[in-house]
Amino acid sequence: LGIKGAPTCELVFKNAKAELIGTRRMGLIRYVMSLMNGARLGIMAQSVGLSDAAYREAYNYAIERRQFGKPIIEFPAVYEMIANIRAKTDASRTMLYETARFVDMYKTLEDISKERKLTPEERTEMKHYSRLADAFTPLGKGMTSEYANQNAYDAIQVHGGSGYMKDYKCERLYRDARITNIYEGTTQLQVVAAIRHVTTGTYLQQIREYEKEVVVPELEPLKRALSKMAQMYEKLVELVTTPKDEDYLDFHARRLVECAGHIIMGHLLLQDANRNPELFRRSAEVYIHYGQVEVIKNYNSVTKSRIEDMGYYKLMPEK
Ligand SMILES: Cc1cc2nc3c(=O)[nH]c(=O)nc-3n(C[C@H](O)[C@H](O)[C@H](O)COP(=O)(O)OP(=O)(O)OC[C@H]3O[C@@H](n4cnc5c(N)ncnc54)[C@H](O)[C@@H]3O)c2cc1C
């Protein structure tokens with residue numbers, strides 16, 4: 001479909017001479033996971049770039065294109081789409097920076113540990129940031145790559161029929177975005193990695209840390225909205241984990257992970273808006289509203305279904 005600048009092919013090695021590198025049995029859990037986590041951060045950055053390009057293309061087209069005697073950006077149906085693209089882009093960027101910060105923190109301490117013995121406080125700090133990096137990487141990769149796809153889709157919609165043609169860049173963005181939620185692990189696999197941080201409480205602990213941040217009075221309503229979302233999330237985690245049924249947890253895992261994502265990204269945008277209202281207030285308002293609706297939707301999806309209903313979704317090969 002896309003990323004035509006990167007030639008891709010499958011390599012098959014047959015009877016090739018091989019030499020063991022590293023420690024036996026550490027291949028998947030240490031080396032591949034370490035490589036994948038680095039690459040996942042890269043895909044997050046790629047997703048932010050795609051989303052940002054989608055925003056610029058959609059915005060520039062909407063101020064130029066006129067229909068019914070006015071620029072299409074003046075129609076609520078159009079400016080809502082563009083505002084959502086912008087909000088999801090800003091939310092993706094702030095998530096990327098926060099994840100990169102956690103990775104930087106633990107990697108710096110890891111580097112220091114190669115030079116000298118860490119103090120007990122430093123060791124605790126390294127473990128703390130390593131855990132946060134481990135939790136935020138799949139969450140951020142999953143959320144930002146899905147947003148890159150949604151944003152590229154909406155950018156085409158803003159362009160109407162022209163967006164479907166090759167004349168405008170949004171057609172390429174749409175094709176290029178499609179790989180981001182597939183390679184370095186599909187979104188479903190990011191959920192598999194992230195769900196343990198839902199059940200062990202890593203996300204909730206970090207949300208509690210964000211809740212301690214003080215914001216200006218104008219932003220208090222947003223902070224309260226995030227706090228309500230966190231209450232719903234906590235309740236959802238309890239509802240889904242109480243039956244101790246692995247299939248049931250897997251069935252709702254994506255909903256739980258996404259709720260954590262909306263709340264965390266909402267908090268990060270809120271902090272951005274607190275530091276720089278001119279740049280981020282609008283996106284914080286739009287994103288937190290969007291996230292709130294999504295959390296309510298996920299909450300309803302869980303509370304309005306029964307464990308037995310999973311059977312209706314289970315499609316097995318016919319005998
Ligand atoms: C353009 C391109 C470039 C690539 N570059 C590289 C590269 O450089 N190096 C490299 O090693 N690989 C590369 N890949 C491979 C890529 O990483 C894989 O295609 C991707 O990780 C998905 O794996 P899969 O294709 O085996 O899909 P599958 O694992 O077969 O997945 C199929 C479907 O099943 C779902 N699924 C699978 N397992 C689970 C589970 N446990 N729980 C829930 N759902 C599940 C998936 O989400 C998906 O919907 C590239 C692929 C493409 C298309």
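User: In this predicted model, is Cys 259 buried or exposed?

Analyst: Burial is read from relative accessible area, and a residue under 20% counts as buried. Cys 259 has a value of 0%, so it is buried.

User: And how does Cys 170 read, buried or exposed?

Analyst: Cys 170 also comes out at a relative accessible area of 0%, which means that it is buried.

User: How many disulfides does the structure hold?

Analyst: A disulfide is read from the distance between two cysteine sulfur atoms, which must be within 2.5 Å. The structure holds 0 disulfides.

User: What secondary structure elements does the protein have, and in which pattern along the sequence?

Analyst: The protein has 11 helices and 2 strands. Along the sequence, the pattern runs α-β-β-α-α-α-α-α-α-α-α-α-α. The radius of gyration is 22 Å, close to the 20 Å given by the globule rule for 319 residues, so the protein is as compact as a globular protein of that length.

User: What box do the C-alpha atoms fill?

Analyst: Taken along the principal axes, the box is roughly 70 × 55 × 55 Å.

User: What share of the accessible surface belongs to carbon and sulfur atoms?

Analyst: The accessible surface comes to about 18800 Å², and 55% of that area belongs to carbon and sulfur atoms.

User: How many positive and negative side chains are there, and how far apart do the centres of the two sets lie?

Analyst: There are 46 positive and 42 negative side chains. The centres of these two sets lie 3 Å apart.

User: Where do Arg 25 and Lys 244 lie?

Analyst: Arg 25 belongs to the segment before α1, which spans 27–64. Lys 244 sits in the loop between α8 (220–241) and α9 (246–275).

User: Are these two residues buried or exposed?

Analyst: The cut-off for exposed is over 50% relative accessible area. Arg 25 is exposed at 77%, and Lys 244 counts as exposed at 75%.

User: Which residues does Ser 47 contact, beyond its neighbours in sequence?

Analyst: Start with position and burial, then go to the partners. Ser 47 is found in helix α1 and is buried, with a relative accessible area of 0%. Leaving aside neighbours within four places in sequence, Ser 47 is in contact with Thr 144, Ser 145, Ala 148 and Thr 180.

User: Where is Ala 87 found, and what does it touch?

Analyst: Ala 87 is found in helix α2, residues 76–115. Its relative accessible area is 1%, so Ala 87 is buried. Not counting residues up to four places away in sequence, Ala 87 touches Leu 269, Ser 283, Val 286 and Tyr 287.

Methods: Residues numbered from 1 in each chain as written. Predicted model: local features only at pLDDT ≥ 70, side-chain atom pairs only at ≥ 80, totals over all residues. Heavy atoms only, no water. Helix = DSSP H or I, 4+ residues; strand = E, 2+ residues; numbered from the N terminus. Rg over C-alpha atoms; globule rule 2.2 N^0.38 Å. Areas by Shrake-Rupley, 256 points an atom, 1.4 Å probe, with all protein chains shown as cover. Lys, Arg positive; Asp, Glu negative; His and termini not counted. Charge placed at Lys NZ, Arg CZ, Asp CG, Glu CD. Buried < 20%, exposed > 50% of the residue type's maximum accessible area, 1.4 Å probe, protein only. Contact = heavy atoms within 4.5 Å.
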